[in-house]
Amino acid sequence: MTHPANPLADALLAAKLLLAAPTRLRGMVLRGSGPARDVVLDYLRQHATTRRLPPHIDEARLLGGVDIAASLTAGKPVMQSGLLAEMAGGVLIAPMAERMGDALAGRLAQAMDGAADFALVLLDDGVEADERPPAALMDRVAFHCDLSGVTSLDIAPADTTLFAGAGAAEDCLLPLANVATALGIDSVRALLFAQSAAAAHAAVAGREDVVQDDVAAAARLVLAPRATRLPPPPAQDEGEEAPPPPPESGEDAGDTDRDALSEIPEDVILEAALAAIPPDVLEMIAGNAKQRRASGGGSGKRTKSKLRGKLLGARPGMPRDGARLALIDTLRAAVPFQELRRRERRNGTGFTALQVRKEDLRIHRFEERAASVTVFCVDASGSAAAARLAEAKGAVELILAQAYVKRSEVALIAFRKEGAELLLPPTRSLTRARRALAGLPGGGGTPLASGLALARELGATIASRGNTPFLVFLTDGSANIAADGTPGRKQAGEDAEAAAKAIASSRLDAVVIDISPRPRPDARKLAETMRARYLPLPVADAQSLSKVIMAAQPESAAA
Amino acid sequence: MSRFPFSAIVGQDEMKLALLIAAVDPAVGGVMVFGDRGTGKSTAARALAALLPPIPIADGCRYGCTPDQAGTCPDPCTSTRARKSPVPFVDLPLGATEDRVLGALDLEKALRSGEKAFEPGLLAKAHRGFLYIDEINLLEDHLVDLLLDVAASGENVVEREGLSIRHRARFVLIGSGNPEEGELRPQLLDRFGLSVEVRTPKDIPSRVEIMRRCAAQEADATAFAAEWAEEEGKILKQIARGQKKVASLTVPDDVLTDAAELCAAVGADGLRGELTLMRAAKALAALRGAKAVRREHLVDVAPLALRHRLRRDVLDETGSTVRIERAIAELFG
C-alpha cells in the first residue's frame, strides 16, 4: 500500500481543522520526532496560544487546589488555579506522550470528557509499534498523524484563513459510517470526529455544505489511521446486509441518505482513506496485533516508591503526585524550630500554635515489589515441531492460566525458519496470549541465535521498565541457522553461544527446557553458557512441565 | 455540558437494562461493562444519573445525608433544611490515589491549626449515586479491592493517620474495561452483580442515527432534550414503579428451583450467582410491572447475572453468553 502522498501536508491540514473546531475535534497525535513535526508545531504556535504540559506535572497544578507551600508561608490558604483551567481555548502540547503515566492520562481523559476548553496535541516519540500514547487519549483526539517517515519539508505554506461556523453535515453521515465499518472501526467517537472534521473542512474552505472533498479529507485524516482491518475487495453495494435495524431509525434514514449517497460516492472516499493508512497499521493488521503502548508509569515501576508498598521511612518532600505526608515525621522536623519561628513571626500577623514550613514536610517512602514478566521463547523449528511443540504449547497454556490468577504478565517469542518473532508483547490478557499461541506454526530451521537475542532484548526492555523478566526457553539447543539468517551449523552454533553469553552478562534469570526426544548435550551446554537452569524433560505431560517452570521461577515462588 | 438523554441512546439494550435494574434495586450489586473504547459506556451511565430525579440532602452536608439522617455523619451536619441535589455521578480517574478515593486527613487544617479534620473523598461524594470507573482492569488491585468492599458494605471505614472515621457510602458501582487489555481477577469479577457486553451497533443505519442524534444534541441541546422529554418521562415512571413494587414481590418456589438448576447447569461458582440472579429477576419483574416473578424474567437476566461467574476454561473458546444460552435452551426448552 502506498504511503500517503504527503503526511506533512495532511498533518498541517489536520492542525488547521483542529484550530477551527477545537472543542469538537479535541486534539491530535503527532508521531515521529523531527523537523516535520516542528513545522506543524510552529503552525500551531502561530495561530493559537500553546502551553507545554510537563510530564511530571502534579495533580494540584493540573487541576488546581491548595498551594501547600504558599499556604504555609502566608499562614492562610492560598489557592492555585490549574493548568487546564488556564488553557481557555488554547492548545496543550504533551511531549513524550508515549511515556505518559496512567494517572496523568486518566485525568486528561476525564477533563476531555467534560467541558474542557483546550485542544490536546500528543507528541509521540515512540519508535516501536507498541510504543504509543495512552489508548484512552488516542481515542479522544480526532487526528492521528504519523510524520516519522517524512523526509522532505517542501510543501506550500498553508494558508492561514480560518472561517467560523460549521457546514451542514447531514449528507456525510452515511458514507462515513460505511467507511468506518469497512475499516473495522468500532469507536463511535471516531465517527463523531469524522463528522466534525468534515464539517470543519467545509467551513475552512468557506463552504456552507459538506461536499465529497470534505468527506474524503475526514476519512483520510480521522478514519484511516484507526483502521483495524482492510475492507473486503470492492464490488460491495450499498444494499449491504444490515442486521436488525434499530426501531427508531427507520423512518427518516431512507430518503435523505439515498440522495446523499448519490452525491458522495463512497468508493472514492474509501480510496482516499486507504491511501492514507500508514504502513505500520498495515503491519499490525497483518500481525493481527492490537495497538499496545509501553506500559505506563514513566520510567516504570521503581522498587523504591512513594506511593505504595512496604514502609521504608520518610524523606523530605512535598505531598503531591500521590506521595503521602508522613505527619509524625513532619511534626518532628518542625518542633525544634518552633521557638525561633515564633520569635520571627511575633511582630507579624499570624501566630499559630504550631509553625510548619515547607522544608519540614516529610513524605512516606515505600518499597514496592516489581511485577514479574515471564517471556516464553519457543523453538518452533521443524525438529522441535516434530518432537514436542504440541507439548510445549500445552505447558505454556497452563502457565498462562497460572499467570492469569497471579496477575503476572507473559510474553511470547517464537523462532523458526530465518529468524525470531515477538508474537505477543508483555500482556496480562489471557485472551490474546491464547490466540497468539494457537496461531504458532511449526517447521523450518532453528535460528537459535536470533531467538536468544530477541529474548535478551525483550528482557532488557522489561527490566528497564522496572519489572522483573524471567526467560523460559523451550528448545533442543541445536542451532542450524546463523544470526544473519543463513544456514550453516557451525556459524549458527557460534552465534548462539555468543547470544547466550550476552544473556549471562545481562544477568537475566532464565531456564532452558530441553524439548528434544532424549536429552542431548546441546541444550545443557546452552543453559550453562547463559547461566540458566537446565531442565531436561524426557517424557512429560504439560502438567508436570508447568510445575517444573513454576518451581524454577524465583519471583513466583515468593509472590 | 448538557447530558445526552438516556432514551436517545441508540442500541445498547443490554447495558440500559442492567442500569435500570441497578436503579430499581441497588442491592443487586455493581455493573461490569465489557467493551471497546468509544462505545458509549459512560454516556449511558451518565445519562441515567442525570435522568433520575434530584435527591433531598441535608443542607451543607458533605456526606450526602438525607434530611432525616442529619447529624449522623462524621461532620456532623446540623441543618434541618433540605436541599435538592442531582443524583451524584462520580468518575474515578485511573490514577486516583487511595487518599482521594477514601478521603484523608485535611492537610491544610492539620498543619495550620493542628486540627484533626477529615477531608471526604470520592466515596463520600458518590453516596446515593453512581461511581463510574473506566478501565477498571487497569486500576491498581488494592484500589479495586477497596472499592468493591465499600460497595458491598455500603460503608466507608477509614482507620489511618490517627483518624477513625466511618460514613455511609451506598452507590451503584459501574466498572468498564476491555478484556483485550488485561483482565480482572475472577474473585473481583464475581463481586459485580451484573455484567454486560457493549458493542457499537454494526449496522449502518444505527451508526448514522448515532451521528445524527449527536449532531442534533450538539447543535441545540435544549431542543434535543425537549424532543426526548416524553420518552425520558416514561422511563422515570417505569423506574419509580419498579422501586415501589420490588419490595413487595415474592419469588415463587418453582422459579427458585429454576434458578438453582440453571446455576448448576452452567457451573457458576459460588452462591452469589444464584442470589444475584434472583434479585435481578425480581427487579426486572418490578420494572415491567409484573405481578409475580416468572421464568421469563429469570431467563432474560440470566446472561447479565451469570456471564462473568463461569469458570474459565483455558482451552475452551466458547463465549460465556453462548454457554448460558445453551443451558437455558436445554433446561427450559
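## Where chains A and B meet: H9(A) and H8(B)

In this predicted model, helix H9 of chain A (residues 173–182) packs against helix H8 of chain B (residues 204–219), with an angle of about 125° and 9 Å between their axes. Angles over 145 degrees would count as roughly antiparallel and 65 to 115 as roughly perpendicular, so H9(A) and H8(B) end up oblique to each other. As for handedness, the two helices make a right-handed crossing.

Which residues do the touching? From H9(A) come A:Leu173, A:Leu174, A:Leu176, A:Ala177, A:Asn178, A:Ala180 and A:Thr181, and they meet B:Ile204, B:Arg207, B:Val208, B:Met211 and B:Arg212 of H8(B). Sorted by type, that contact has eight nonpolar residues, two polar and two charged.

## Helix H22 of chain A

Now over to H22(A), residues 489–505. With 17 residues at 1.5 Å each, the helix should span 24 Å, and the end C-alpha atoms do sit 24 Å apart, so the two agree. Just past the helix, A:Arg507 has a positive phi, about 55°.

The buried residues of H22(A) are A:Ala492, A:Asp495, A:Ala496, A:Ala499, A:Ala500, A:Ile503 and A:Ala504. The spacing is worth a look: an α-helix has 3.6 residues a turn, so residues three or four places apart point the same way. As for partners, the buried residues of H22(A) pack against helix H21 (448–464), strand S14 (468–475) and helix H23 (521–529), again in chain A.

## Chain B as a whole

Chain B carries 13 helices and eleven strands. It has 333 residues, and 55% of them count as buried. Take the chain B contacts between residues at least 6 apart in sequence: 75% of these join residues at least 24 apart.

How values were computed
Residues numbered from 1 in each chain as written. Chains lettered and ligands numbered in written order. Predicted model: local features only at pLDDT ≥ 70, side-chain atom pairs only at ≥ 80, totals over all residues. Heavy atoms only, no water. Helix = DSSP H or I, 4+ residues; strand = E, 2+ residues; numbered from the N terminus. Expected span 1.5 Å × (residues − 1). Buried < 20%, exposed > 50% of the residue type's maximum accessible area, 1.4 Å probe, protein only. Contact = heavy atoms within 4.5 Å. Axes fitted to C-alpha atoms, helices over the stretch in contact; angles between N-to-C directions. Parallel < 35°, antiparallel > 145°, perpendicular 65-115°, else oblique. Left-handed = near helix turned anticlockwise from the far one by under 90°. Nonpolar A, V, L, I, M, F, W, Y, C, P; charged D, E, K, R; others polar.
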